[in-house]
Amino acid sequence: MKKLFVLCLIAIALVACSPKEKATQVDKKEDEPAMNEQLIGKWAGDIELPNGSLPIIVDLQKEGGSLSVPAQGLSNYPFKSVSYSGNKVHISIRLNGSAIEVNGTLKDEQIEATFNQNGGEFRLILKRYKEQPEQPVSYETFTVPVKDGDLTVALQKSTKEPSPVVLIIAGSGPTDKDGNSAIAGQNNSLKMLAEGLAQDGIASVRYDKRGIGDNASLLKKEEDITIDQYVDDAVQIIHALSANQAFSSVHIIGHSEGSLIGMLAAQKTNVESLVSIAGAGRTADTLLLEQLSGQLTPALTTETNMILAALKKGEQVQHVSPELQALFRPSVQPYMMSWLKYNPATELQHVKGRVLLIQGTTDIQVKTTDAEALKQGNEKAELLYMEGMNHILKNAPEDRTKNLATYADPTLPLHPKLLPAIHKFIANDQ
């Protein structure tokens with residue numbers, strides 16, 4: 001059986017939170033060879049996932065150590081235990097009820113390791129960590145009161161004032177405000193979108209969702225993640241923007257999962273328009289089963305169908321096979337239930353403002369089928385296909401390997417027709 005991997009959900013397996021951990025234990029048996037001192041220090045590498053990579057930093061110390069996942073806002077999370085034996089190191093981590101183990105061997109000035117989590121085993125090569133220069137910041141920040149604290153958001157000012165302002169909502173999992181994913185890498189798609197709109201006289205606000213980056217501290221437990229909480233956060237930002245006289249009108253751009261969040265937030269506010277980019281048009285169970293097709297044994301397929309049916313009825317499932325824990329472990333089921341109850345095509349019917357649907361023709365994650373379903377849900381919506389645009393809003397071929405390579409290349413510009421189309425729509429130019 002192939003390794004189980006679903007792009008829109010694997011990110012949930014490594015959600016960044018900040019609970020307190022017990023002090024790290026360093027295990028050492030009397031008959032073990034002495035620890036190689038060269039293991040001590042900071043190491044960086046990429047966990048090699050089927051559809052991309054996840055950069056991490058491991059800080060190995062004689063008396064413990066910590067794990068950092070920059071893309072998820074996880075910083076210096078303490079090991080549960082660490083043990084050394086000559087050139088070998090074994091790390092154990094407990095993160096939100098998830099068991100993580102790293103086993104590595106120092107060889108040729110790098111650590112060759114495996115990263116094990118929830119039954120999945122992934123290759124990891126760690127090299128000596130080098131401090132990276134900070135990226136220049138082109139935005140201002142402010143905070144918005146939300147449940148459990150203040151949400152930090154980034155304001156990209158336009159070249160004129162007052163101006164329209166757009167709330168940009170990122171996609172699923174640990175995708176940050178710049179559009180960079182802990183799974184796929186750095187592409188800066190949403191950063192480019194915000195900066196491009198600003199040059200065209202349209203301000204924007206984008207933000208790391210709770211549990212990620214600037215707002216990692218707003219998520220204490222994985223089971224607290226729900227679509228509805230994401231919607232509430234977006235609604236609070238919209239209220240703040242609507243009350244600000246620097247903005248002449250408020251709009252939403254939702255990318256991927258952000259499309260559904262945007263639809264639901266638009267229903268609760270008086271935004272002038274909604275732009276859905278690469279938004280799913282079908283229910284989550286339909287999408288999951290489509291993504292999992294060919295990856296599961298008949299028995300696991302049957303179990304998956306049963307689990308999804310129960311979750312769709314709002315019933316948690318206590319017993320899940322080890323092979324399906326990454327997708328359906330108890331702590332992620334509240335999120336799944338909140339997601340499964342919504343049909344995007346139906347929700348789009350209830351959006352009162354103007355709607356633009358944008359779909360790339362070389363998107364390997366969301367299909368034209370979804371764009372057509374959304375269009376059927378709201379016949380007044382404008383549907384625009386971007387020839388050759390993929391899921392991260394860049395020009396890309398249909399070839400899967402070459403398409404995925406663009407996900408980690410921040411030098412590639414946005415699809416040339418994307419910004420003009422969005423500017424024309426928001427400005428309501430006929």
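**Helices on a sheet**

Helices α3 and α8 sit roughly perpendicular to each other (65 to 115 degrees; under 35 is roughly parallel, over 145 roughly antiparallel, and the rest oblique). The contact is made by I227, D228 and Y230 on the α3 side and by Y335, S338 and W339 on the α8 side, where contact means heavy atoms within 4.5 Å. In numbers, the two helices pack at about 70°, with axes 7 Å apart; axes are lines fitted to C-alpha atoms, for helices over the stretch in contact, and angles run from 0 to 180 degrees between N-to-C directions.

Some ground rules. This is a predicted model, where local features need pLDDT of at least 70 and side-chain atom pairs count only at pLDDT 80 or more, while totals for chains, interfaces and linings use all residues. Numbering starts from 1 along each chain as its sequence is written, and side-chain values use heavy atoms, with hydrogens and water left out.

Helices (H or I, at least four residues) and strands (E, at least two) are DSSP runs, numbered from the N terminus. The protein chain has 12 helices and 18 strands by that count.

Stay with α8, residues 333-340, for a moment. Helix α6 (residues 298-312) packs on it too, at about 75° with the axes 8 Å apart, so this pair is also roughly perpendicular. L308, L311 and K312 of α6 meet Q333, M336, M337 and L340 of α8. Q333 counts as buried, because its relative accessibility is 0% (buried is under 20% relative accessible area, exposed over 50%, partly exposed in between, with a 1.4 Å probe and protein chains only). Leaving aside residues up to four places away in sequence, Q333 touches L311, Q316, V317, V320 and F328.

From L296 to E323 is 27 residues in sequence, and 9.2 Å in space from C-alpha to C-alpha.

Back to α3, residues 227-242: its packing against α4 is at about 60°, with the axes 9 Å apart. That angle makes α3 oblique to α4. The crossing is right-handed, meaning the near helix is turned clockwise from the far one by less than a right angle, with anticlockwise giving left-handed. On α3, the residues involved are I227, Y230, V231, A234, V235 and I238, and they meet E257, I261, L264 and A265 on α4.

How enclosed is α4 by the rest of the structure? Largely, because 10 of the 11 residues of α4 (residues 257-267) are buried. The buried set is E257, G258, S259, L260, I261, G262, M263, L264, A265 and A266. Helix α4 lies across β13, β15 and β16, and it runs at about 140° to β15.

Now the strands. β15 (residues 247-255) is largely enclosed too, since eight of its nine residues are buried. On one side, β15 pairs in the parallel sense with β13 (residues 163-169) over seven bridges; strands pair if DSSP finds at least two bridges between them. V165 is opposite V250 in that pairing. β15 also runs parallel to β16 (residues 273-277), joined by five bridges. Here H251 stands opposite S273, and G254 is opposite S276. The chain goes from β15 through α4 to β16 in a right-handed β-α-β crossover (with the strands pointing away from the viewer, the path from the first strand over the helix to the second runs clockwise).

Zooming out, these strands belong to an open sheet of eight with mixed pairing, in the order β11-β12-β14-β13-β15-β16-β17-β18. β11 (140-146) and β18 (382-386) are at the edges with a single partner strand each, so one side of each has no neighbour in the sheet. On average, neighbouring strands are turned by 25° against each other, direction ignored.

For the whole protein chain, 57% of the 430 residues are buried. Among contacts with a separation of 6 or more, 65% are between residues 24 or more positions apart.
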